[in-house]
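Dear colleague,

I am passing on the structure that follows, together with notes on what turned up when I went through it. Please read the notes with the structure open beside them.

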Amino acid sequence: MDVKGQVIAGKVAKILIRQKSGERIELGDLLVVDDEDGYSIMKVYDLSYGSQLQKSVREMIAGMELEGHGGDLSFFEPELRNYIIAEAASLIHITSDGTKKPKGLPTFFSSVQLVSGEHLKFLIKPKNPLYLGKVRSGSKVLDVDVFLDATEILPHHVLVPAITGRGKSNLVKVMLWSILDQDRYGILVLDPHDEYYGRHKQGLKDHPKSDHHLLYYSPNAPTGTNTLVVHLETLLPRDLSGIVELSEAQQEGIRLFYNHFEEKWIENIVRGAELRGVQEQTTAVLQRKFDTFLGVYVGNDDNLHCRNRAFSNTAGMTTVRDITKALEEGQTVVMDTSMLHEEAELLIGSIIVRAVFQNHERAKASGELGQMPVVSIVIEEAPRVLGETRGSNVYSKVAREGRKFKVGLIAVSQLTSLIPRTVLTNMNTKIILGNEMATERKAIMESAAQDLSMDNRIIASLDMGEALVSSNFTKFAIPIQIPLFEDYVKEQTQGKKSPDAKTSFAGVDME
Ligand SMILES: Nc1ncnc2c1ncn2[C@@H]1O[C@H](COP(=O)(O)OP(=O)(O)OP(=O)(O)O)[C@@H](O)[C@H]1O
Ligand SMILES: [Mg+2]
């Protein structure tokens with residue numbers, strides 16, 4: 001046994017361990033300590049100096065060294081008298097009967113070692129594996145894969161919070177790759193940076209099963225993929241709610257246009273049609289809004305045009321239906337919205353999500369929901385639609401009620417504090433990457449499945465790709481290292497080692 005230190009004092013939430021000289025215990029390390037009926041895994045939350053020497057003596061020794069009176073100080077037996085104390089708390093207790101929440105203290109004076117794959121053998125692979133990365137102890141990566149069960153976590157929403165550039169999109173790409181060939185999940189990716197499909201670099205298109213499981217929609221689609229063009233008639237006034245800012249007069253104007261012109265309401269607004277009850281000025285503002293957000297205007301030829309070609313009054317009648325169908329067949333649909341105005345992206349998403357939601361509501365009513373795949377929507381910068389100041393929209397509806405209908409969100413967010421607490425608490429799995437902003441960490445920790453109050457400093461210091469997985473479906477918050485997508489793809493496609501062949505994490509029964 002590779003002893004790292006020894007338990008010397010403490011209480012349940014703060015077990016004190018003296019570090020063995022020559023060993024190095026890090027913040028976030030997972031340590032193992034044996035006890036009467038098994039062993040416990042502890043996590044290191046803080047480090048401090050300990051010394052047998054009085055402060056004045058230590059000051060004198062430092063002074064002698066600094067001022068050149070060093071000489072032979074070995075009689076102080078530095079490795080015995082000066083040491084590092086690690087503060088740790090138990091995460092889980094493992095016995096021959098299974099795993100339990102830690103309730104007691106480890107045996108006094110017992111020695112501790114670094115966690116190894118052997119200690120994590122109780123972690124079993126879930127039935128529907130969704131890959132996240134490997135178990136991490138401090139900054140050391142263990143060869144133990146971490147999976148969650150996609151069927152469990154996706155309908156209950158996943159939140160990926162972190163400041164910019166910490167690897168949020170990279171993580172979501174890894175997750176989606178790992179379930180791409182399973183047809184029990186329909187995934188809609190609204191991709192404002194066109195980074196998921198991999199048009200110019202590696203991406204989901206490189207998955208060996210992408211032919212049958214992946215669809216790509218883009219306003220300028222490469223050969224063999226699909227043109228993202230949505231017929232204006234598929235857009236309903238309620239799709240705008242909580243996405244496009246409208247005054248009361250404008251909302252009323254839209255209602256009247258819709259009542260009068262039905263599915264041709266947008267076309268008539270854009271053409272500046274006169275309508276009783278709607279002031280000319282209101283129509284003009286709406287005209288301008290549709291021009292800005294959708295890029296739709298009347299050309300010199302008197303036809304309707306769309307600057308980014310994503311909306312049309314002649315083409316795209318089946319787009320929403322096709323995408324919805326693909327999702328219901330368990331495919332992954334990536335929509336390149338990089339050329340679209342933010343509102344246009346959210347509106348197209350809104351039409352599709354509304355259609356999916358209706359299908360699932362109907363299926364539930366007729367008792368057929370069990371046969372339907374889980375549909376999950378990846379939304380980057382989620383506060384755009386889930387933010388406190390946003391009115392209700394279909395995305396917030398999914399966040400609040402989706403799980404009853406097997407529709408969930410994978411919400412990527414830099415500013416979690418803008419999302420209402422009730423919505424955050426509903427997001428049962430959080431994959432927390434590094435975050436230096438205290439207010440953001442607070443919002444994330446307060447709504448997490450486990451008590452992460454002691455992880456505050458650890459979250460602040462997470463490096464690229466390092467994360468903490470806190471979920472109702474894990475028994476403790478698991479520290480992980482997410483692979484770089486490109487490395488993961490290489491490993492997967494070169495048929496080296498499949499992560500699912502190994503010990504891996506899953507929900508474990510625990511008292
Ligand atoms: N797990 C990882 N391991 C190593 N490098 C990574 C990892 N994740 C991300 N990176 C590196 O960091 C870069 C940024 O990652 P990514 O685009 O996923 O960040 P992000 O959080 O989505 O950023 P943004 O807020 O800008 O969307 C990647 O291009 C990659 O080079
Ligand atoms: Mg990103």
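A residue is called buried here when its relative accessible area is under 20%. On that criterion, buried residues make up 55% of the 511 residues in the protein chain. Please keep in mind that this is a predicted model.

As to the chain overall, its secondary structure comes to 16 helices and 24 strands, and its C-alpha trace spans about 95 × 50 × 40 Å along the principal axes. If one takes the contacts between residues at least 6 apart in sequence, 71% of them join residues at least 24 apart.

Helix H9 (residues 319–328) packs with helix H10 (residues 342–365) at an angle of about 50°, their axes lying 10 Å apart. The crossing in which H9 passes H10 is right-handed. On the H9 side the contact is made by Val320, Ile323, Thr324, Leu327 and Glu328, and on the H10 side by Ile351, Ile352, Ala355, Val356, Asn359 and His360; by class, the contact has seven nonpolar, three polar and one charged residues.

Another helix, H16 (residues 485–493), has Phe485, Tyr488 and Val489 buried. Viewed down the axis of H16, its buried residues fall within an arc of 100°, so they line one face of the helix. In general, an α-helix has 3.6 residues a turn, so residues three or four places apart point the same way. The partners against which the buried residues of H16 pack are strand E8 (129–137) and helix H4 (168–179).

Val398, in helix H12 (residues 394–401), is buried, with a relative accessible area of 0%. Leaving aside residues up to four places away in sequence, Val398 touches His157, Val353, Phe357, Arg403, Val407, Gly408 and Leu409. Between Val398 and Gly104 there are 294 residues in sequence and, from C-alpha to C-alpha, 41 Å in space.

Thr416, for its part, is found in the loop between strand E20 (407–413) and helix H13 (421–426). Is Thr416 buried or exposed? Its relative accessible area is 0%, which is under the 20% cut-off, and Thr416 is therefore buried. With residues up to four places away in sequence not counted, Thr416 touches Leu159, Pro161, Leu424, Glu440, Ala443 and Ile444.

Key
Residues numbered from 1 in each chain as written. Chains lettered and ligands numbered in written order. Predicted model: local features only at pLDDT ≥ 70, side-chain atom pairs only at ≥ 80, totals over all residues. Heavy atoms only, no water. Buried < 20%, exposed > 50% of the residue type's maximum accessible area, 1.4 Å probe, protein only. Helix = DSSP H or I, 4+ residues; strand = E, 2+ residues; numbered from the N terminus. Arc of directions from axis to C-beta. Contact = heavy atoms within 4.5 Å. Axes fitted to C-alpha atoms, helices over the stretch in contact; angles between N-to-C directions. Left-handed = near helix turned anticlockwise from the far one by under 90°. Nonpolar A, V, L, I, M, F, W, Y, C, P; charged D, E, K, R; others polar.
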